[in-house]
Amino acid sequence: AYQSSFNSRLGFAATAAAASPATEFPLQSTINVLVESRRSRVHPEPEGLESLPDKKARLLFASRQRRLPDCAGLLHAFADARLESISPPLPLRKRQQQQQKNSAVESVEQQRQRLLYQSRKRGMLENGLLLSCFADRHLPGMSPAQLDMYDAIINEPSNDWDIFYWLTGAKPLPSRYDNEVAKAMIEFVRNEDRESRIRNALLSAALATSRAAMSSWTHLGQASAVRIDEQLFAEYGFSVEQLMELAGLACAQAVHRAYPPASELDGSTSRPRVLICCGPGNNGGDGARFGYSPSVYYPKRTDKPLYRNLLKQCIGSGIPIVESHPTAATMAADYDIVVDALFGFSFKPPVRPEFEAVMSALSGASVPVVSIDVPSGWDVELGPVLETQSIQPDCLVSLTAPKMCAKHFTGRHHFLGGRFVPPELARSFSLNLPCYPGCEQIVSLNN
Ligand SMILES: NC(=O)C1=CN([C@@H]2O[C@H](COP(=O)(O)OP(=O)(O)OC[C@H]3O[C@@H](n4cnc5c(N)ncnc54)[C@H](O)[C@@H]3O)[C@@H](O)[C@H]2O)[C@@H](O)CC1
């Protein structure tokens, strides 16, 4: 009863103000009514704590929140006209209040778990799905500073739709929230890999230790892999030669780690024979830069200077270039290891006819196959989708970050290479990846 009569009084007052806008409306007294009412019933606060601009802005907020729709409309129209674009200040978050009062502050882990809970309980389904899925994936790896940024974005705005519009790009993100976490959220909401997000992330995930959650490294979809590549070139100034050199070095280290030459183990003089099958794109280039005791099979040659020079280097270094199509039988007879550097993340199935023979040889090979970045013939995201037999590599060297298809890898050795990703780029794509030890070019992703 009190609430409705209170609303009615304000409604009448606002009607009067709207009817004669030239008249100076007793704004201060309206503010006082609201302030006193809210102070005593909802937010008891010490006297003199709130400034007039704060009062005004909170009044705008309170005007929107009336239970009688007519009254809310009137009050809001009035308040909006008078208070213009002041956006409502928000009640200080619990943590900040605690800090101000110098009382106990929640731990980082408690904050992480609270944020997961708050990401699910939004009151609007859209934000529940977006935020809980984002939180499920990214909260475990966030630093305390990043947790604070996330806390502010999801808890400060008074209207959850604002968060939705900022993340979907319908409204510009206020500069106050323009930080790495917001960028990662916008990137996540874009969902370029078309991930199905139809359920809120489970709360039980919050119970898993951060360490366990961290072990689920990022797996890139095709679009993200291409965009990272483009940014490395366009925004970070890398050249394709540099990246290929580093990727090739990582592949060489991976092969050496997975299949160390017998000479290093028992002093024998035998050298592993390695056939490197190079494709027409950059993945092929990575193969050509590999150095062990190799032969190169390079069926579809491009005339670009980069590839011409790589071939020249191989010939100049006395590396045999295999001209005849290898078969599963010749692979078994003539080689100890085969490197599959045919196609990388730009591959679109099905395999064109000119590569069918080598693909069939690789899928039937009885020697270990080492695939670079993407096992050739696999869909970059879906994995082995060929109706015919697919390559089942024994070793996979993911570059920059594993691609989604790597989830289907069942071989013995999985490495990550490509130690050239700038931290800012990793942050903007929310890459959750292990650190490279020492001065290694690879890190093992085996569990
Ligand atoms: N930033 C990175 O992650 C780096 C990636 N590198 C390597 O570069 C790869 C990507 O390079 P590219 O963009 O050149 O892509 P690819 O190496 O996948 O090669 C694309 C080539 O394959 C051909 N192709 C595509 N689908 C085919 C099909 N169905 N049948 C026959 N041919 C087909 C295309 O015509 C094109 O010539 C990565 O996977 C990785 O191995 C490294 O070179 C350097 C750094």
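K171 is partly exposed, at 36% relative accessibility; buried here means under 20% relative accessible area, exposed over 50%, and partly exposed in between, with a 1.4 Å probe and protein chains only. The partner of K171 in a salt bridge is D162, with the closest N and O atoms 3.0 Å apart; a salt bridge is a side-chain nitrogen of Lys or Arg within 4 Å of a carboxyl oxygen of Asp or Glu. The model is a predicted one, in which local features need pLDDT of at least 70 and side-chain atom pairs count only at pLDDT 80 or more, while totals for chains, interfaces and linings use all residues. Residues are numbered from 1 along each chain as its sequence is written, and side-chain values use heavy atoms, with hydrogens and water left out.

By this rule the salt bridges number 19. One of them joins R122 to D160, with 2.8 Å between the closest N and O atoms. R122 is in the loop between α6 (108–120) and α7 (125–138), whereas D160 belongs to helix α9 (residues 160–168), so the pair ties together parts 38 residues apart in sequence. Helices (H or I, at least four residues) and strands (E, at least two) are DSSP runs, numbered from the N terminus. Both R122 and D160 are buried. A further salt bridge links R427 and E424, whose closest N and O atoms are 3.4 Å apart. These two residues are 3 residues apart in helix α19 (residues 423–428) and are thus separated by about one helical turn. R427 is partly exposed, with a relative accessible area of 35%, and E424 is also partly exposed, at 38%. Salt bridges that share partners join E187, R190, E192 and R227 into one network.

E187 of this network is one of the buried residues of α10. Helix α10 (residues 180–190) is mostly covered, with 8 of its 11 residues buried. The buried residues are V181, A182, A184, M185, I186, E187, F188 and V189, and they pack against α7, α8 (144–155), α9, α12 and α19. The N-terminal end of α10 is capped by N179, a side-chain oxygen of which lies 3.1 Å from the backbone nitrogen of V181. A polar contact is a pair of N or O atoms within 3.5 Å; within protein, one must be able to donate a hydrogen and the other to accept it, and residues adjacent in sequence count only if both atoms are side-chain atoms. After α10 comes N191, with a positive phi near 45°.

The ligand is surrounded by 24 residues, of which the closest are D229, G344, S346, K348 and D373; a residue counts as near a molecule or strand if one of its heavy atoms lies within 4 Å of it. The shell around the ligand consists of 13 nonpolar, 6 polar and 5 charged residues, where Ala, Val, Leu, Ile, Met, Phe, Trp, Tyr, Cys and Pro count as nonpolar, Asp, Glu, Lys and Arg as charged, and the others, Gly among them, as polar. At least two residues of this shell come from each of α12 (222–234), α13 (240–258) and α15 (282–289). For R352, a polar backbone atom is 3.0 Å from a nitrogen atom of the ligand. On its own the ligand has 880 Å² of accessible area, and the protein covers 88% of this; accessible areas come from the Shrake-Rupley method with a 1.4 Å probe, and for residues only the protein chains shown count as cover.

In helix α18 (residues 356–363), the buried residues are V358, M359, A361, L362 and S363. Their cover includes β1 (274–278), β2 (294–297), α17 (328–334), β4 (337–341) and β5 (369–372). D334 lies in helix α17 and is partly exposed, with a relative accessible area of 39%. The C-alpha atoms of D334 and L275 are 8.7 Å apart, although 59 residues separate the two along the chain.

T400 is located in the loop between β6 (395–399) and β7 (413–417) and, at 13% relative accessibility, counts as buried. Apart from neighbours within four places in sequence, T400 is in contact (heavy atoms within 4.5 Å) with I228, L416, G417, G418, F420, V421 and L433.

The chain as a whole has 19 helices and 8 strands, and 46% of its 447 residues are buried.
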